[in-house]
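Opened the notebook for a first pass over this protein.

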Amino acid sequence: MIIGEVNRSKYDHMIENMPDGLVYFESVLNESGNDIDYVFLEANKSFEQLIGLKLEKILGKKISQVSPNGKITGFDFIDICSKANLLEENIKFEYYSAVLEKWYLIYIYKSEQNHFCVVFHDFTEVKSRAEKINILYESTVKFHETTFTDIDYQWIADELLKLSGAMFVLVNVFDNGAMKTMTRGFSGLSDKVRQAVRILGFEIIGKIWDVKEADIGVMKSKKLVRMGRLHEFSFNRIPPLVVNILERMLKLGDSFGIGITHNEAILGSFIIIMKEGSRIENPDIVELYVNQLGIMLLRSKAEEDIKKIGQEYRTVFNGSQDAMFLINVNRDNSFAYHMVNKGYEMDVGICAEAVNGLTPRELYGELIGKQIEEHYIDCIAAKKPIIYEEEFSLLGEKKVWHTLLSPIISENRVVQIVGSSRNITKLKEWEDEVARERQLFKVTLHSIGDAVITTDTDNRIVMLNNAAEELTEWSQEDAAGKLLNEVMITVSDKKYGLLEDTLVQDVKNGKQYGEYKTLLSRNGNKRIISSSESFIKDVCTNVLGVVMVFRDVTEEKQKEEEVRYLGYHDKLTGLYNRAYFEEVLVRLDHEANMPLGIIMGDANGLKMVNDVFGHGEGDKMLQRIGEIFKTICGDRDVVARVGGDEFAIILPRTSYDKANTIISRIKQMCSIEIIDPISPSIALGVSIKTNKNEDIKKIYKLAEDRMYNNKLVESKSIRSSIISSLKKTLEERTHETEAHGQRLKEFSMKIGKIMDLYDNELDDLSLLAMLHDIGKIAIPDYILGKPAKLTEDEWKIMKSHCEIGYRIAVASPELAHIANLILSHHERWDGNGYPQGLKGEEIPLLSRIIAVVDAYDAMTSDRPYHAAIQNEVALKELERCSGTQFDPYVVEKFVEVIISAKTKFSEQ
């Protein structure tokens, strides 16, 4: 069963608000299995108030960590807890805290191995009242045995100090004739008395005081009268400076007065001075005590006063909600009930008249009576208060009592026992139920996959489940008692306040509070979490704490971000895509962004790069263009790739001049780019919206039209630039100098003229001489520069340069007419060439000419795979291959050209 929030809150609220202090400990064992320390696991508010320390200061800590000697607020916790393992059953005992000046009934019960619960029940008032009643009794006896002249005023002051819990008590005797009073008794803590006398500079006992009108009112009163602070009623009888020092150093609080009278005659008064912040204990008994002094003055009133004392005593006795009883103890230590109160009648179900004079066995029967009598016998033997729990069935119903027995001792023997029992049956049932519910709740929370953290009303952590420990990297032991924002640290530094406005409003609306955040774990690891926070409330909707449920959604959020990114970004360039561009264009189309500029761009030469070098190189060129755009544009500008080779830029609040400056800078960066394999180039067009009534779609279309116009205008220069880039790349890749191309061009022109070629053929031959090997720009460097013989696969790659050159030429209008010549320049006369295997005159003439000229220049120039040879040797090699590799006629003409040139050079 999963514990509902309301049920769990009910039990938590009950424990938290029970009047008795409750704390749950865990034993710390040594290697031998013996207790050496104890850890505060849980405690309620009453325990926090009892020891005067915030729970966050102790929970999760050992007793020795909180106090090295184990003593806190007058409690020796090490000694108290050590009793937990003395007996197998629960134990009870009485304890006095000198610091708190209170008596406590402490009982300990085990909940599981090495775990136990300690409950502190304050029975000071019960004990105090019993003691006060005893003092009244003894005082009555003494008053009856003394005469007025033998009155011990100091003893009276001492007794009143005990009854009232005051710091000082003064007994003043009134002299009606002199209108003065004399202090005859002065009682207080010995060190405080000495300090007071030292400050005053005179002895208080025997001091004579002038009587003021206010003093008369106090002395006439039979009830306690508040006189205020010392400075309020001293009436300059003590210097103000001295009064101020007394109040400050002794921390004096309010003072009270009550008169001693007989037949309306004023005899004197008591002055009771309290400690700052304290109040008179049992004021009714104090008043009763003071009024007893009349007994000493008039014996005839003794019976009346004793009767009044009995009535007051019974009022106090019957006023307690606990079951109280008074037992008379005979000299042979036999005992019987003398009287019981209304609480006893209600709890036990037996009227007071039926109880008086009976023993427990006579009242409850042999079995139960013997069990009860054993406790009374223990109290008589110990001669000190004892505390215990007892359980038995009455009228078929099982009940549990928490009982305190306080002995009244006279002449060193117990003459009476005052008992106080509290019915804790329901409390025990609630405790058992809460323990079961807590265990089930703990198991449930640790079993679920989501992380769970609970806090108290101070926003301090109470519990983390296993999943929360894993995500936060905090253990339950280390985190307990820490503020939530010490453990739940987020990158945004969000503070988790229990009473934050947002949370309070959500609670009022009956909602949970949740969001995504980045959690920074104890070891610095970051995880994205989804969390919800809810208040823990009791049945009265009081806030008891917060429960926070969260889980790791890092992977989910990353996937969401990827999907969101891909939805608005171009995967290749990282720029925005067309969908985002169109959406933002509409969003930015308002007057605040005017003038609103649009630049359209179209990449030049992309098809050639894709066809020649593959789409990988084309992608690189697009990426580089995208980088140039991002470098030039500002943060508020929107840069997008809106097509295969098309780009667009939205420029908010950008003038026409500034937009043209951006275009110039883009072109400048393109021009200085490294040629790899060709320089990036882009045609650009711009349009600016300056009037809110202009249609943004028309502005976009105008920028696009201007881009295409510029592309047409610049097309010739662009193609020239591309051809120039290709030539430069060819020279760098093949290590063939410009001189090589020039020699081929000169030799080709001479052959062409000897063969009477037309001018247009000579132009084509000149261009072919320069670009016939253009396809080699796509051949890997390791093949082009290899000094050794190429492998079969490498040779296959090398031969592909003809087709590559053909595709380059076809893609450029300026070279398209020589594309077939480039394709055929490695064909052989005998048909064994490549790539088409053409034979004889099937091979274009200009290609046959270039084949001879290129072979000659290759033989007579140094190459990676051979050294240059003599001209004569090269010519003989051409003649040897004439009719097989080369056109015989072209070889013949070429030989003539070479010989003619050599003869001409010799003659010169």
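Before I pair anything up: I call two strands paired if DSSP finds at least two bridges between them. Also a reminder to myself that this is a predicted model.

**Entry 1: the sheet with β1 and β7.** I looked up β1 (residues 21-29) and found it antiparallel to β7 (residues 115-122), with 6 bridges between the two. Within that pairing, Y24 sits opposite C117 of β7. Next I traced the whole sheet: it is open, has 5 strands with antiparallel pairing, and reads β2-β1-β7-β6-β5. Which strands stand at the edges? They are β2 (35-43) and β5 (91-97); each has a single partner strand, so one side of each has no neighbour in the sheet. From one strand to the next, the twist averages 30 degrees. I then checked what packs on this sheet and got helix α19 (residues 425-447), which touches β1, β2, β6 (102-112) and β7. The direction of α19 makes about 45 degrees with that of β6.

**Entry 2: β24 and its partners.** I went to β24 (residues 543-552) and found β19 (residues 451-455) running antiparallel to it, joined by 5 bridges. β24 also pairs with β23 (residues 526-537), again antiparallel, over 9 bridges.

**Entry 3: cysteines.** How many disulfides are there in the whole structure? My search came back with 0. C802 has 0% relative accessibility, so I logged it as buried. C881 comes out at 10%, so it counts as buried too.

**Entry 4: N577.** I found N577 in the loop between α24 (554-568) and α25 (578-587). Is N577 buried or exposed? Its relative accessibility is 15%, so it goes down as buried. A polar atom of the N577 side chain lies 3.0 Å from the backbone nitrogen of Y580. Leaving out residues up to four places away in sequence, N577 touches L566, G567, Y568, H569, D570, A640 and R641.

**Entry 5: overall tally.** I counted up 39 helices and 28 strands. Of the 908 residues, 49% are buried.

Definitions and conventions: Residues numbered from 1 in each chain as written. Predicted model: local features only at pLDDT ≥ 70, side-chain atom pairs only at ≥ 80, totals over all residues. Heavy atoms only, no water. Helix = DSSP H or I, 4+ residues; strand = E, 2+ residues; numbered from the N terminus. Disulfide = S-S within 2.5 Å. Buried < 20%, exposed > 50% of the residue type's maximum accessible area, 1.4 Å probe, protein only. Polar contact = N/O pair within 3.5 Å; in protein donor to acceptor, adjacent residues only side chain to side chain. Contact = heavy atoms within 4.5 Å. Axes fitted to C-alpha atoms, helices over the stretch in contact; angles between N-to-C directions.
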